[in-house]
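Here's a quick briefing on a protein chain for anyone just starting out with structures. Have a look at the model first, then work through the points below.

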Amino acid sequence: MGLPNDDVVLIEKGKKPGETCVITINCPDKTGLGCDLCRIILEFGLYITKGDVSTDGRWCYIVLWVIPDSTMTGERWASLEERLLSVCPSCLASFYYIQQSSCSTQTPVYLLKFCCLDRKGLLHDVTHVLFDLELTIQRVKVMTTPDDKVMDLFFITDTLELLHTKKRQDETCERLNAVLGDSCISCELQLAGPEYEALQNGASALTDAESEELFSCELPEMETHTHSLSPDLTKLKQATVKIDNSLSPGHTLFQIRCVDQKGLLYDIMRTSKDCDVQISYGRYSSSVKGYRDVDLFTVHKDGGKINDPEKQNALCARLKVEMLHPLRVIITNRGPDTELLVANPVETSGKGRPCVFYDVTIALKLLGICIFSAEIWRHSTSDRQWEVYRFLLDDSCEFPLASCGAKNQIVDRVRRTLMGW
């Protein structure tokens, strides 16, 4: 007998709005389960205050304490539970089934195309609707015409897997029309065709200087770039990763201390998954004076301790990079135009980081900056794939982009929003 589904994922909500909630997952283990769970929690905008992870390689028990935001209605809590349950292996599954289920079928991509009159904050308002509807943005092409009209192409997938139904499509278009109002000229939703691949293959190229700054994996080089601009962000350089093989006969202990930030546990789990490191026990301690302490008892994918000094150093360096710079933000000039570039590493599963487009557009909206065009594409380097977001910014009297101070302010605000500071 296996556990009923109701016992696999348990959510104990706080008694008052904004109070800490406890999420408990009790199910068979699988490779990358912790990463998948943390990704969903990040996607729903929940802040993990502390956590405990324990597994013997076959069964895992995870407890996460989270703080919800104002968007967590009863309907969204129910959706969160369903999403978490969807990545947990069945309690009655065999090992073969678990391995097979990890290779999920490809989710269909839909093209949302609409034309409307331009205004400040438009792109974020549309992104907010898609976020509420649990529609994931895979690619974007946004174009503004000389007569102040916007043609937006959003290539999206549905986490609820209902977008093939007329009811779900009508709901999406109705919600968008409600936000766009009288400015909406047309709104269409259909399965994506060859234009999806064409957009990917036709993505704008990066200059050598942009590529070097965005994708550098060497900390000394990264720290010379403009990733932390405000004086109070100098603490970003303070992160330590220590390895101890003496405390456990069968596990390698990673002791991590770094600045607290949004998605930190996701970044640690993602890195462990990508580096074939399995976490047998982990403790994600509460934030103290803005810092986090994380202890991870780990084994390599072959089940043994990590004894090779070269591999240890590589893992420590990789973890430190992912904690200091999980997202890269730069601003550049392309001729007379000002462009904002944001990049983040893609998981080996092919999934990008959640909510990046949402966070960047809200940061620009709060600054009063209009987006002339935007696009998302994938970029491959020698060791990994990246998701790149390009925003062509519109100069205005309220926020002139020519000054160095204004550009630094944009990078600073976008980075703060992405990191949850």
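This is a predicted model: local features need pLDDT of at least 70, side-chain atom pairs count only at pLDDT 80 or more; totals for chains, interfaces and linings use all residues.

The chain has 13 helices and 16 strands, and 51% of its 421 residues count as buried. If you take the contacts with a separation of 6 or more, 70% of them join residues 24 or more positions apart.

**A closer look at α8 and F215**

- Which residues of α8 are buried? They are E210, S211, E213, L214 and F215.
- Let's pick out F215, which is found in helix α8, the stretch covering residues 208-215.
- F215 has a relative accessible area of 9%, so it is buried.
- Setting aside its neighbours within four places in sequence, F215 is in contact with L206, R328, A343, H379, T381, W386 and V388.
- F215 and P345 are 130 residues apart along the chain, yet their C-alpha atoms are separated by 8.9 Å.

**Helices α2 and α3**

- Helix α2 runs over residues 33-43 and helix α3 over residues 74-87, and their axes come within 9 Å.
- Those two axes cross at roughly 160°, so α2 and α3 are roughly antiparallel to each other.
- If you're wondering about handedness, the crossing of α2 and α3 is right-handed.
- On the α2 side, the contact is made by L33, D36, L37, I40, I41 and E43.
- On the α3 side, the residues making that contact are L80, R83, L84 and V87.
- Sort the residues in the contact of α2 with α3 by class and you get seven nonpolar, three charged and no polar ones.

- R83 is found in helix α3, and it's one of the residues making the contact with α2.
- Is R83 buried or exposed? With 11% relative accessibility, R83 counts as buried.
- Leaving out neighbours within four places in sequence, R83 is in contact with I40, E43, F44, E134 and T159.
- Among those partners, I40 and E43 also turn up on the α2 side of the contact between the two helices.

**Helices α5 and α6**

- Here's another pair to find: helix α5 (residues 122-132) and helix α6 (residues 166-180), whose axes come within 10 Å and cross at roughly 150°.
- That crossing angle makes α5 roughly antiparallel to α6.
- The crossing in which α5 passes α6 is right-handed.
- From α5, the residues making the contact are L122, D125, V126, V129 and D132.
- From α6, the contact is made by R175, L176, V179 and L180.
- By class, the contact of α5 with α6 has six nonpolar and three charged residues, with no polar ones.

**Cysteines**

- How many disulfides does a search of the whole structure find? The count is zero.
- For C187, the nearest cysteine sulfur is that of C173, and it is 3.8 Å away.
- Why isn't that a disulfide? The two sulfur atoms would have to be within 2.5 Å to count as one, and C187 is in no disulfide.
- As a reminder, a disulfide is a covalent bond between the sulfur atoms of two cysteines.
- C187 has a relative accessible area of 22%, so it is partly exposed.
- C370 is at 17% relative accessibility, so it counts as buried.

**Two residues with positive phi**

- E161 is not a glycine, although it has a positive phi of about 55°.
- Where does E161 lie? You'll find E161 in the loop between β7 (149-158) and α6.
- E161 counts as exposed, at 57% relative accessibility.
- D276 also isn't a glycine, and its phi is positive too, near 60°.
- Look for D276 in the loop between α10 (264-274) and β11 (277-284).
- With a relative accessible area of 33%, D276 is partly exposed.

Notes
Residues are numbered from 1 along each chain as its sequence is written. Side-chain values use heavy atoms; hydrogens and water are left out. Axes are lines fitted to C-alpha atoms, for helices over the stretch in contact, and angles run from 0 to 180 degrees between N-to-C directions. Helices (H or I, at least four residues) and strands (E, at least two) are DSSP runs, numbered from the N terminus. Angles under 35 degrees count as roughly parallel, over 145 as roughly antiparallel, 65 to 115 as roughly perpendicular and the rest as oblique. A crossing is left-handed if the near helix is turned anticlockwise from the far one by less than a right angle, and right-handed if clockwise. Contact means heavy atoms within 4.5 Å. Ala, Val, Leu, Ile, Met, Phe, Trp, Tyr, Cys and Pro count as nonpolar, Asp, Glu, Lys and Arg as charged, and the others, Gly among them, as polar. Buried means under 20% relative accessible area, exposed over 50%, partly exposed in between (1.4 Å probe, protein chains only).
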